Amino acid sequence: MPISRRLAIFAVFAWLSAGCVAARPRPQVLGDEPALDDTLKKLIDAHNDEREKKDLPPLEENDALKKAAQAHADDMAKRRKMDHTGGDGSTPFKRIEKAGYRYQRAGENIAYGQRGLDELMDAWMTSPGHKRNILGKFKQIGVAYAIDEDGTPYWCVTFGTPLPQ
């Protein structure tokens with residue numbers, strides 16, 4: 001896929017459940033915690049808006065998925081490298097498990113450089129792999145955002161369907 005300017009997006013997919021899915025403190029990118037929380041809530045809403053267009057059930061926020069996403073967004077921003085492989089060599093699935101989430105199915109979308117949610121969602125929805133995750137057979141979501149020292153935003157969204165209780 002061509003890389004245009006500071007836009008580069010990758011999707012990861014796992015072989016799980018017969019489907020394709022495959023040391024700075026958290027930055028205050030929008031000035032204060034309520035504004036950051038509002039942006040992350042709007043990001044979940046944007047995912048659910050896309051799902052609603054296809055008559056799919058909404059994704060519910062999950063704290064463990066959010067923890068995994070935030071850890072990876074922070075790691076990417078710290079290293080100034082967008083990659084599904086963490087600085088410690090971890091995969092999205094290992095990070096999700098480390099956060100305490102036990103899944104039937106899991107996935108991750110990452111991006112960097114997009115400064116607004118419309119730009120971010122447009123990029124993901126025009127990428128077949130990312131779109132497949134957004135519209136996938138997931139039940140839960142965790143979203144995160146971090147910035148590097150130059151102000152470049154890094155995004156991470158983790159998706160999951162938990163193991164049955």
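Nine of the 10 residues of strand E5 are buried (under 20% relative accessible area; exposed is over 50%, partly exposed in between, using a 1.4 Å probe and protein chains only), so E5 is largely enclosed by the rest of the structure. Helices (H or I, at least four residues) and strands (E, at least two) are DSSP runs, numbered from the N terminus.

This is a predicted model: local features need pLDDT of at least 70, side-chain atom pairs count only at pLDDT 80 or more, and totals for chains, interfaces and linings use all residues. Residues are numbered from 1 along each chain as its sequence is written, and side-chain values use heavy atoms, with hydrogens and water left out.

**Exercise 1. Work out which part of the chain has pLDDT under 50.**

Step 1: pLDDT is the predictor's confidence in each residue, from 0 to 100. The protein chain averages 83, and 78% of the residues score at least 70.

Step 2: Go element by element. Strand E1 (residues 8-12) has the lowest mean, 30, while strand E2 (residues 60-61) has the highest, 98.

Step 3: The stretch you want is residues 1-33, where pLDDT stays under 50. Where pLDDT is low, the predicted coordinates should not be read in detail.

**Exercise 2. Find which strands pair with E5, and in what sense.**

Step 1: Two strands pair if DSSP finds at least two bridges between them.

Step 2: E3 pairs with E5 in the antiparallel sense, over nine bridges. Here Tyr112 sits opposite Tyr154 of E5.

Step 3: E4 also pairs with E5 in the antiparallel sense, over eight bridges, and Tyr145 faces Trp155 of E5. Five residues separate the strands in this hairpin, and Gly151 has a positive phi near 90°.

**Exercise 3. Describe helix H2: how far does it reach, and what do its buried residues pack against?**

Step 1: H2 (residues 63-79) has 17 residues and spans 24 Å from first C-alpha to last, close to the 24 Å expected. The expected span is 1.5 Å times one less than the number of residues.

Step 2: Look at the start. A side-chain oxygen of Asn62 comes within 2.9 Å of the backbone nitrogen of Ala64.

Step 3: The buried residues of H2, including Leu65, His72 and Met76, pack against helix H3, strand E3, strand E4 and strand E5.

**Exercise 4. Which residue does Arg80 meet in a salt bridge, and where do the two sit?**

Step 1: A salt bridge is a side-chain nitrogen of Lys or Arg within 4 Å of a carboxyl oxygen of Asp or Glu. By this rule the count comes to 11.

Step 2: The partner of Arg80 is Asp150, with the closest N and O atoms 2.2 Å apart. The pair links distant parts of the chain, 70 residues apart: Arg80 is in the loop between H2 and H3, Asp150 in the loop between E4 and E5.

Step 3: Check accessibility: Arg80 is partly exposed at 42%, while Asp150 is exposed at 53%.

Step 4: Zoom out, and Arg80, Asp148, Glu149 and Asp150 are linked in a network of salt bridges.

**Exercise 5. Are the partners Arg95 and Glu108 buried or exposed?**

Step 1: Their side chains meet in a salt bridge (3.0 Å, N to O). Arg95 lies in helix H3 and Glu108 in strand E3, so the pair ties together parts that are 13 residues apart in sequence.

Step 2: Arg95 counts as buried at 11% relative accessibility, and Glu108 is buried at 1%.

Terms used:
Contact means heavy atoms within 4.5 Å. A polar contact is a pair of N or O atoms within 3.5 Å; within protein, one must be able to donate a hydrogen and the other to accept it, and residues adjacent in sequence count only if both atoms are side-chain atoms.
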